[in-house]
Amino acid sequence: MKGEGKVFFKSRMKWIGLLGLVLSILSLLFHFLLAGFTDDSISDYSIPVTIFSWRPIFDNSRFTRHTPLYRRLWGPTRHVETLLPDANPRSYYSDPPARTNGFVFVRIQGGFHEIRNSIPDIVAISRLLNATLVVPEIQSTTSSKGISSQFKSFAYLYNEEHFMASIANDVRVVKTLPKNLKWARRKKQIPSFKVSYGSSPYYYLHHVLPVLIKHSVVELVVPNGGCLQAILPSDLEEYQRLRCRVAFHALQFRKEVQELSTKVLQRLRPLGRPFIAYDPGMTREALAYHGCAELFQDVHTELIQHKRAWMRKRGIVKGKLSVNSAEQRLAGLCPLMPEEVGILLRAYGYSWDTIIYVAGGEVFGGQRTLIPLHGMFENVVDRTSLSTGWELAKMYGREAKHKDIKKMTPPSVEEETKHDSLKSLKQRPQPLPPPPARPKYYNIEGWWGWVAESDNEPESTVIELRTNAHKLLWEAIDYVVSVEADVFIPGFDRDGKGHPSFASLVTGHRLYQSASAKTFRPDRKQIAMLLEDIRDHMYEANHTWITSVRKLLKRSILEGLIESSKRSKALSFLSHPVPECSCTRRAHPVSNASLVEVDLRVTRRCPKWMDGGVTERSKDNKNAEKEEDLDEEDLSSSGLFFGHKGNGGNSNGNNETVNSEANNKEEGQLEDQEELEGVEK
């Protein structure tokens, strides 16, 4: 009996082991089947546990939205809540004729903001000339080596099919030239025009149109961005709305870019918290053009001056080579440094755990320039800390591998024999060959180890050309995030040619899409004067200074909007597409009507179907206006620019929390009186 029991026990253990093995195999098969439902590979199965570098740190997991403090920091700008987007034609607007005067082929040079500023102008010009538009060619993608063959030229950045469908009722559009004209273009046998920034519509009618009619095709080369003047005559107002339809509706980023932008936005809002988008605007070209080299006291100053000398030789810069950067800064002609923006935001009342997204491409000076901002705010992030390498690689597409270093092949037998024979002859030694050209060392963060000794900029390497194409995609992500941000603040709004930059396009898009979203347009001249007053004790500002900063920033929301209608719009229509592309609700308070109709000149009433919820909003506005007895008494930020981090800093963090809670009562009296004063002025 005992022997039989042992046999039975052993057989039972074998069956249990076999069952465990089968279950393990089934589990593996089940996981592989799950992975098979993803788009690309098994690596996509790890999306729920994707690890990216940012881990948000908050003082309090609870975030209260229904307080006066929240309204002041994050709430909408009530005075422009009645503004809504309206880019539809308002008068007779015919479809494009079946027969046109010929084809317009366009090559766009420059970066992201220059490309985006040019395309609406090109569509408007094509309609003006009654021409068939060939989908524009983006030079920075076609001239790059080794970028993905999946996406070419226009389709590298934008959704080509959506673009063509969206403007089908405005102009005739085709993907490529006919074969005979394509061959003529390759042989450079078609007429070409290099158009200047802000060209008049009459230039195209009097110079380009006759050539188009004669040859049935013209090529336009756009080197500096916008190729049509910003403010058009009143009889061409429909062309302004066409620009809006193209810029804000037809120009959608391709699917891969849009998907990653959406993921970044979702990761930016942990626990439903709002965030600030900040564009430093600190590019080497902009700093050189405006004479701001001395903001850096290191090799970057020399690099900026070298670039300015290069720009002077080509007529881009008209002034002197050496410029007093301190005077330029006090005149408001230089970017606000990240440290200065951080101090302004802390003074305004944003706490140390506020999420700040750094947008606008690379920051000249690298991450070192952003160290003070990181010191004041714990949650400073950018696209690299909110995405993984494989997500970016998926967006780039399959790219050819490039090897900068050629493999050293061993010498042949003949070469070795020749070398030995020369040694035996004991010939007179030959002079050494010239040294190789000194390489250019730097990375995308802006760190250079060598400044070129010649007057010319070194030629771009293959990797740099590829990086330039990637920058378009990086800035596309930043653009989407900045437009959707709860608050946007630019450090600078001019590029390396004095034209409106990335930040200007963002503020214009926000004004069109959601005019009431909080957008600071700081007066850099006044801010520079305020910062100069506390230069020796920048992190221990007193109550009077903090009050002045808050009033200045509050006024910049509305006064800056009115000022941009005079200053920015003259250079770029898309930076201020009002009143041509907006309408106003029928029901609004009198003060709102004064600002919208008088200062912004928006007189068109929106259709009735857009008036939903106006009554409720007007009641909320009346309740909020009862709280507007302003006396800036909130000292929660004073002297606490750095007192927040780590376990050792808990006391300061708790003090800040207590201060903010105590001051919520006072914030009921801190709504928007300065904005009203600004409007009355």
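Predicted model: local features only at pLDDT ≥ 70, side-chain atom pairs only at ≥ 80, totals over all residues.
**Entry 1: the lining of the largest cavity**

I sorted the lining of the largest cavity by class and got seven nonpolar, four polar and two charged residues.

Next I looked up the space inside. The largest cavity holds about 90 Å³. Its lining has 13 residues, and the closest to the centre are Ala 515, Ala 517, Thr 519, Arg 521 and Leu 561.

Which helices each supply at least two residues of this lining? I found helix 18 (502-513) and helix 20 (543-564).

I then looked for other cavities. The structure holds four of 30 Å³ or more.

**Entry 2: the largest nonpolar core**

I turned to the nonpolar cores. In soluble globular proteins, nonpolar side chains tend to be buried together. Here the largest nonpolar core has 89 residues. Phe 163 and Tyr 357 have the most contacts inside this core. Helix 17 (residues 462-484) gives the largest share, ten residues.

Where does this core lie relative to domain 1 and domain 2? I checked the domain bounds. Domain 1 (85-252) gives residues to the core, and domain 2 (257-282 + 335-395 + 462-578) does too, so the core lies between them.

**Entry 3: Phe 163**

I listed what Phe 163 touches, leaving out residues up to four places away in sequence. The list is Ile 119, Val 123, Pro 136, Phe 154, Val 246, Ala 250 and Leu 251.

**Entry 4: a second core**

I also found a second, separate core, with 50 residues. Leu 287, Leu 303, Leu 336 and Val 341 are among them.

Key: Residues numbered from 1 in each chain as written. Heavy atoms only, no water. 1 Å grid on protein atoms, 1.4 Å probe; cavity = no way out; pocket = protein on both sides within 12 Å on 5 of 7 lines; lining within 4 Å. Points joined across faces, edges and corners; volume = space filled by probe spheres on them. Helix = DSSP H or I, 4+ residues; strand = E, 2+ residues; numbered from the N terminus. Nonpolar A, V, L, I, M, F, W, Y, C, P; charged D, E, K, R; others polar. Core = buried A, V, L, I, M, F, W, Y, C linked by side-chain atoms within 4.5 Å. Buried < 20%, exposed > 50% of the residue type's maximum accessible area, 1.4 Å probe, protein only. Domains from an automatic or database assignment. Contact = heavy atoms within 4.5 Å.
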